[in-house]
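My notes are below, in the order I looked things up.

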Amino acid sequence: MLKIIITSFLITITIVLQAQPALTEGAALLFKNTKSNSTVAEKNKLFIDLNFRISKDRKQFVADGDDNKEFPFDVFVMPTDVNKDGQEEIFITFGNSYTSGGTGSSVLVFIKNTAGKYIQHLGFPGTTPEALAVSNKGYPDLLIGGPGFEFPIWKWNGTGYVFSRKIKDSDYPALKKMSVEEISKTYTAALK
């Protein structure tokens, strides 16, 4: 009888462990040294949605496509809760001059929709965003730098970030802003 109970227990444990998804190699590298409330399945899906491949040295990424394998880049993942709704947003900067032109990096943000699925927003060359004190529908306006002497501001419209306006280089110092990188550090330091 004890043998049957132990065998049944081991089968149950095996089934439970098989049902738990594991981080893919790409998702593990993407979220290496990054605290996040995202589930394993969400992290795996985010990696898939990025269309990155792991570089030859298994330490960086390359853009999908054969022409890109010689231009590896780092990816910076910055979990936040910028609208303080309890749902994590994932800001990502990545790239190099091959993938992102003169700016040298590109910026994305994944925000959960009403169904709880991450949706990609932004997706163009730019520096790590700065969140402005001004917000719309709960999300802060984002200043995303790049080459030039003006800074584009992106505003949340309820379903996505859209271009709002540009400010001049001379007006930049007067803005109340905080880097998304700093917001992420504060957010992740509070995670258990």
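These entries go from the sheet to one serine and then to the rings.

I am working with a predicted model. I started with an open sheet of four strands, and its order reads β3-β4-β5-β6 with antiparallel pairing. Which strands stand at the edges? They are β3 (75-80) and β6 (118-125); each has a single partner strand, so one side of each is left without a neighbour in the sheet. From one strand to the next, the twist averages 15°.

Strand β4 covers residues 89-94, runs antiparallel to β3 and is joined to it by six bridges. I looked up what faces Phe76, and opposite it stands Thr93 in β4.

**Helices on the sheet.** I then checked which helices lie across these strands. Helix α3 (residues 40-50) lies across β4, β5 (106-112) and β6, and I get about 140° between α3 and β5. Helix α5 (residues 180-189) lies across β3 and β4, at about 60° to β3.

**Ser106.** I picked this residue in strand β5. Buried or exposed? With a relative accessible area of 6%, Ser106 is buried, because the cut-off for buried is under 20%. Its side chain has a polar contact of 2.7 Å with the side chain of Ser100. Leaving out residues up to four places away in sequence, Ser106 touches Ile92, Thr93, Phe94, Thr99, Ser100, Phe124, Pro125 and Gly126. I note that Thr93, listed here as touching Ser106, is the residue that stands opposite Phe76.

**Aromatic rings.** How many aromatic pairs are there? I count twelve. One I looked at is Tyr139 with Trp156, a tilted pair at 4.4 Å centre to centre and 40° between the planes. This pair links distant parts of the chain: Tyr139 belongs to strand β8 (residues 139-143) and Trp156 to strand β9 (residues 150-156), 17 residues apart. I checked both for burial: Tyr139 is buried at a relative accessible area of 7%, and Trp156 is buried at 6%.

I also found one aromatic cluster formed by Phe47, Phe52, Phe61, Phe73 and Phe94. Phe94 was already in my notes as a residue that Ser106 touches.

**Charges over rings.** Last, I looked up lysines over rings. The charged end of Lys43 sits over the ring of Phe31, 5.2 Å from its centre. For Lys177, the ring is that of Tyr172, and the charged end sits over it at 4.2 Å from the centre.

How values were computed: Residues numbered from 1 in each chain as written. Predicted model: local features only at pLDDT ≥ 70, side-chain atom pairs only at ≥ 80, totals over all residues. Heavy atoms only, no water. Pairing = 2+ DSSP bridges. Helix = DSSP H or I, 4+ residues; strand = E, 2+ residues; numbered from the N terminus. Axes fitted to C-alpha atoms, helices over the stretch in contact; angles between N-to-C directions. Contact = heavy atoms within 4.5 Å. Buried < 20%, exposed > 50% of the residue type's maximum accessible area, 1.4 Å probe, protein only. Polar contact = N/O pair within 3.5 Å; in protein donor to acceptor, adjacent residues only side chain to side chain. Phe/Tyr/Trp six-rings, centres within 6.5 Å; stacked < 30°, edge-to-face > 60°. Lys NZ or Arg CZ within 6 Å of the ring centre and 35° of its normal.
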